[in-house]
Structure formats: structure tokens, C-alpha cells
Amino acid sequence: MIGANFTDSTAMVIVFLSIAFFGNGLASITWSLVSALAPERLLGLTGGMFNFIGNLSAIATPIVIGLLVTDVSFAPGFVYMTVVTAVGIASYVFLVGRVEHVRS
């Protein structure tokens, strides 16, 4: 997304955002991770907490972007989303690690 900050071309902004959203779609494996990692007896609770936290971010993100974006530029919003994405990638790589289904 951050590439959209460095162009004045509407077409290039669409290209950068399309690539970012395509990558997001490819990386949307989160529900499979919930079902693979949660014990069977806690699957509902785990799924509920997963949705709760995801919905909190869906509430907070537009508010934060609204506070960051100015009349002149959307660049701070794009930077924010890039940082959030990088933190998410780092979380999967360093915190989640290898995913293996354990029978409970």
C-alpha cells in the first residue's frame, strides 16, 4: 500500500491497492489456523474471541485512519496500514511459528 504514496497516477494507486488486497486475500488463512490450533472443546470460545478481536480492529482502523488522514494526503493512512501489515506478518513468523494440529 505504501507505494500509493509515491504516485500521482490514479491507475497506479489502483494497481498498488489491488496488489495489497490480493495479498491480503491470499493470506486469509486465519480461520483455518483457529480450527487447527484450538482444542475441540474450546473451538467455539476460540472462534468467538477471534471474531471479537477482529471486529475491534474493524472498529479501530477507520477511526485511526480518519485521525491520520489530512485534507492534503492519504499517505499517513497508507503508512499506518503498511505498519499494521508488517506487524501481522512478523506475528505469524515469530509468534505463531509452525502450525500442527494436535488431537485433544
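The chain exposes about 7,800 Å², and carbon and sulfur atoms supply 71% of that area; accessible areas come from the Shrake-Rupley method with a 1.4 Å probe, and for residues only the protein chains shown count as cover. This is a predicted model, in which local features need pLDDT of at least 70 and side-chain atom pairs count only at pLDDT 80 or more, whereas totals for chains, interfaces and linings use all residues. Residues are numbered from 1 along each chain as its sequence is written, and side-chain values use heavy atoms, with hydrogens and water left out.

Now the overall form. The chain has 4 helices and 0 strands, where helices (H or I, at least four residues) and strands (E, at least two) are DSSP runs numbered from the N terminus. The radius of gyration, taken over C-alpha atoms, is 17 Å, well over the 13 Å that the globule rule (2.2 Å times the number of residues to the power 0.38) gives for 104 residues, so the chain is more spread out than a compact globule. Along its principal axes the C-alpha trace spans about 55 × 25 × 20 Å. Buried residues, those under 20% relative accessible area with a 1.4 Å probe and protein chains only, make up 11% of the 104 residues.

Finally, the aromatic residues. There is 1 aromatic pair, counted when ring centres of Phe, Tyr or Trp (its six-membered ring) lie within 6.5 Å. F74 and F78 form this pair, with 6.4 Å centre to centre and 35° between the planes; the pair is tilted, as planes under 30 degrees apart count as stacked and over 60 as edge-to-face. F74 counts as exposed (over 50%) because its relative accessibility is 56%, while F78, at 16%, counts as buried.
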